[in-house]
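Me: I am new to reading contacts between chains. Could you walk me through them, starting with the idea of a salt bridge?

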There are 4 protein chains.
Amino acid sequence: MRKIAIGVMGAGENATVIDCTSAYELGKAIAQQGWVLLTGGRNVGVMDAASRGAKSANGLTVGILPGSDRHDASEAVDIAIATGMGNARNNINVLSSDVIITCGTGAGTISEIALALKANKPVILLNSEIESQNFWQKLSVNNIYFVSSVAAAIATVKTLIL
Amino acid sequence: MRKIAIGVMGAGENATVIDCTSAYELGKAIAQQGWVLLTGGRNVGVMDAASRGAKSANGLTVGILPGSDRHDASEAVDIAIATGMGNARNNINVLSSDVIITCGTGAGTISEIALALKANKPVILLNSEIESQNFWQKLSVNNIYFVSSVAAAIATVKTLIL
Amino acid sequence: MRKIAIGVMGAGENATVIDCTSAYELGKAIAQQGWVLLTGGRNVGVMDAASRGAKSANGLTVGILPGSDRHDASEAVDIAIATGMGNARNNINVLSSDVIITCGTGAGTISEIALALKANKPVILLNSEIESQNFWQKLSVNNIYFVSSVAAAIATVKTLIL
Amino acid sequence: MRKIAIGVMGAGENATVIDCTSAYELGKAIAQQGWVLLTGGRNVGVMDAASRGAKSANGLTVGILPGSDRHDASEAVDIAIATGMGNARNNINVLSSDVIITCGTGAGTISEIALALKANKPVILLNSEIESQNFWQKLSVNNIYFVSSVAAAIATVKTLIL
């Protein structure tokens, strides 16, 4: 029986300390709900922090890697999917999640928000800036949500997956 | 900590009853070893039978779908990865498994054996015909194994993942 | 000897008349320079208009289709590449162009701008709005250019491909 | 107006001298018919030889590269498509050709024959061995052709694209 999978997306090498702290809390909260955490799988930034957070609460973690070698995955990833297709894998991240939550920003994350809207998947932006909110709302009034706490992100996911 | 993932590949709509019976037993035996089962995820043939076998032993099942809609997954798939990339996803099946076991044959399965050899992944052919064995052995003497029982397949996997 | 390929990206079904008019002129100007035009290949919107413009000047047109059937290509596409991988093909559009020019906006186009920046490819935004310019400039000061005419787009490409 | 594209597939680093000689003649004959040559694009083996043959007759050459850098293409490739998706690009080679001709064998080539049969694309095997012919014919009686000269390959293509 298919498990609910929540994607957490954000920067890798360029992630800020604040983004990683939020990602850890998000991963932990997702695991506490019994949901699977899905990330880009690499051993850095938001992907790694969210995965470690989920494991701290005994969650199940899936990582969709850009490369072809599963040894590049974060140690906190249980199921490492090696796509070998670089950033084109961002589309798989989106299609394989019930809801996507972004934590901070960066070019890769923006591509994932855009691909999610294209695929009619709901996206929750955690702690986004007002300019960013204006940019996205101009494009689509549906499927995009702005929250300013991990608790609000989880509450929004609950309304979306009912 | 990354879990061992064993891929089971075989026909979909055209799978024989014998292939599906073997696939069910393979899935069950993989789960009993504590390994994750990885398949092509669809709701037919070898993919579905192997996933049901793994669930009968409380295993964890991953399905790498060709389509973009996770509702197409077998009901016995826990983690449904929607690639939206058709048969190009066969390469992801291979890259994401520690060892691949094939159960019966068909064009899709042949592509997976070939992609596995290309990626230096070990492949075990269960119940293959002698002509097929000759064909593959001519190509590569390494990384390809022929077995005639589920027990022998599992024993071979054990020697490969040490 | 590899030909220069200029990607023109923009909306499909939702493209405005202005976007399509600009795309036609862009395609024509690209062909007049002797460059290959590369688009998303479908028979609608900016992709189709740019391809028709290029053919009006006897250019060579390449279309990278999301689907697996080349009959879905615009009639103005000479070389139809069928990826069968949906919007994940947006990454191929970007990697296969020397410079990307966007014409109008939409979720798909935003994903392409983001994937281009991720891949260190130069992107020229034609007739973009000030909010959009602020959004992108905040992310990256390099590799992104804003122009307000087809002539300026072509002039910018020339400085980039030297 | 979409041009006819004929895919020529075969080994890279491991190609034999005979395979490369045949590939050169094939590429030349394809160009002489006014068809576009499509290959895997790399600077070695059958891909490179076929592309050089086509250019010797002023043909148009397309290369679908596994990597993300177009500088890895053969110098005889006019249109270099960088997929960045490794061997998963073999499916794009197949989907983007009207007919596929293989020249020699290897794991990558076998994956392309299998993916072509899966996609209902006709495949012509040039100079294949009898064991190989038996293997494929057992799988599919349609869409697969065996020829022993470049002239016969071209004649077969003509019957297929009418």
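Reply: Gladly! A salt bridge is a side-chain nitrogen of Lys or Arg within 4 Å of a carboxyl oxygen of Asp or Glu. In this predicted model, Asp98(A) and Arg70(B) form one, with their closest N and O atoms 2.8 Å apart.

Me: What should I know about the numbering and the cut-offs?

Reply: Residues are numbered from 1 along each chain as its sequence is written, while chains are lettered from A and ligands numbered from 1 in the order in which they are written. Because this is a predicted model, local features need pLDDT of at least 70 and side-chain atom pairs count only at pLDDT 80 or more, totals for chains, interfaces and linings use all residues, and side-chain values use heavy atoms, with hydrogens and water left out.

Me: How many salt bridges are there between chain B and chain A?

Reply: The rule finds two. Another kind of link is the polar contact, a pair of N or O atoms within 3.5 Å; within protein, one must be able to donate a hydrogen and the other to accept it, and residues adjacent in sequence count only if both atoms are side-chain atoms. Between chain B and chain A, ten residue pairs are in polar contact, both residues at pLDDT 80 or more.

Me: How many residues of chain B are in contact with chain A?

Reply: Contact means heavy atoms within 4.5 Å. By that rule, 29 residues of chain B touch 29 residues of chain A.

Me: And how much area do chain B and chain A bury between them?

Reply: Buried area is the accessible area (1.4 Å probe) that two parts lose on being put together, summed over both. Here the value is about 2,200 Å², with 55% of it on carbon and sulfur atoms. In chain B, the residues that lose the most area to chain A are Arg2(B), Arg70(B) and Leu95(B), together 30% of what that side buries.

Me: Let me turn to the other pair. Which side chains of chain D and chain C meet in a salt bridge?

Reply: Arg70(D) and Asp98(C) do, at 2.8 Å from N to O. The count between chain D and chain C is two salt bridges.
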